[in-house]
Amino acid sequence: MSLKNGFIGGGSIFNLGTDSDMQLFFDCISYYVLPKYPDQNWSLITDRLYRRYLKLEELDAAVALMKLVEKEFKQLDREAFDWSKILSGQVKSDLDRAKSTLFEIFGKYFEAFYECIECAIVSYEAFKSRPDYNYEPVMVAITTIPYCVSYSQIPLSVFDNLQPDEKPIWWTGKIPKTTT
C-alpha cells in the first residue's frame with residue numbers, strides 16, 4: 001500500500017497525493033514564490049506548515065501567504081517543472097499533467113488548505129471552553145488510514161523538536177513511538 005499525504009486541521013482530513021507530489025508543491029513555492037516576495041515570513045509555509053504545524057495565531061498570516069502562492073501559481077504553466085521523472089515512472093504521482101497552470105495542477109491543495117484553516121478556527125471557537133479540548137492544528141500529514149489516526153496521536157512537542165536537518169514525519173512515513 002502506498003501512503004498518501006494531505007492536509008489535516010480542525011478534524012478535517014484531505015488526502016491529496018503522494019509524498020513526491022507534496023514535496024513538489026513546496027518545492028514550487030520555494031523556487032517560484034519566495035524570491036519574488038523576500039520580505040514575507042515564508043517560514044510559516046516552508047517550515048511551520050511543511051515540517052511541523054500551524055499554531056492558531058499563525059493561521060491568518062499563513063492564509064495571506066498562501067494567497068500569494070495562488071497568485072503566482074496562476075501565472076505559471078505546467079512546464080514550470082520537469083515532468084520526466086513522473087512520466088518515466090521513477091516518481092509516483094497523482095498530479096494531472098493535462099491541467100494548464102500550476103494553480104490548476106495543485107488546485108485541490110489550495111482548497112484543502114483553506115478548508116482545514118476554516119475547520120481549525122470553527123472547531124476552536126466551538127470547543128475552546130471545554131476543559132478537554134485541544135486545538136487541532138493545520139499540518140501536512142500522512143492521510144492514509146490507519147496512519148492518519150496514529151498521526152493524530154503524536155504530541156505537538158515531537159513536531160516542535162524536529163531538528164533543521166530532519167525530514168518531516170509525513171515525508172519519512174515513520175510515525176514516532178510516543179509514551180503517554
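Here are some notes on the sheet, a helix, the core and a few salt bridges in this predicted model.

1. **Ground rules.** Residues count from 1 along each chain as its sequence is written, and side-chain values use heavy atoms, leaving out hydrogens and water. Since the model is predicted, local features need pLDDT of at least 70 and side-chain atom pairs count only at pLDDT 80 or more, while totals for chains, interfaces and linings use all residues.

2. **The sheet.** Start with the open sheet: three strands in the order β2-β1-β3, with antiparallel pairing. Strands here are DSSP runs of E, at least two residues long, and helices are runs of H or I, at least four, numbered from the N terminus; two strands pair if DSSP finds at least two bridges between them. β2 (12–17) and β3 sit at the edges with a single partner strand each, so one side of each has no neighbour in the sheet. Between β1 and β3 there are four bridges, and Asn5 has Ile142 in β3 as its bridge partner.

3. **Helices on the sheet.** α1 packs on the sheet and touches β1, β2 and β3 (contact means heavy atoms within 4.5 Å). Its direction makes about 70 degrees with that of β1; angles run from 0 to 180 degrees between N-to-C directions, using lines fitted to C-alpha atoms, for helices over the stretch in contact. α6 also packs on the sheet, touching β1 and β2, at about 165 degrees to β2.

4. **What's tucked away in α1?** Among the buried residues of α1 are Met22, Leu24, Phe25 and Phe26. Buried means under 20% relative accessible area, exposed over 50%, and partly exposed in between (1.4 Å probe, protein chains only).

5. **The core.** The largest nonpolar core has 54 residues, and Phe7, Phe73, Phe106 and Phe113 touch the most other members. Such a core is a set of buried Ala, Val, Leu, Ile, Met, Phe, Trp, Tyr and Cys residues joined through side-chain atoms within 4.5 Å. Elements giving two or more residues to this core include β1 (5–9), α1 (19–33) and α6 (107–127).

6. **Salt bridges.** The whole structure has nine (a side-chain nitrogen of Lys or Arg within 4 Å of a carboxyl oxygen of Asp or Glu). Arg51 and Asp47 form one, at 3.1 Å from N to O; they are four residues apart in helix α2, which means about one helical turn. Arg51 counts as buried, at 8% relative accessibility.

7. **A longer link.** Glu79 and Arg97 meet in a salt bridge at 3.4 Å, N to O. Glu79 is in the loop between α3 and α4 (84–87) and Arg97 in the loop between α4 and α5, so the pair ties together parts 18 residues apart in sequence.
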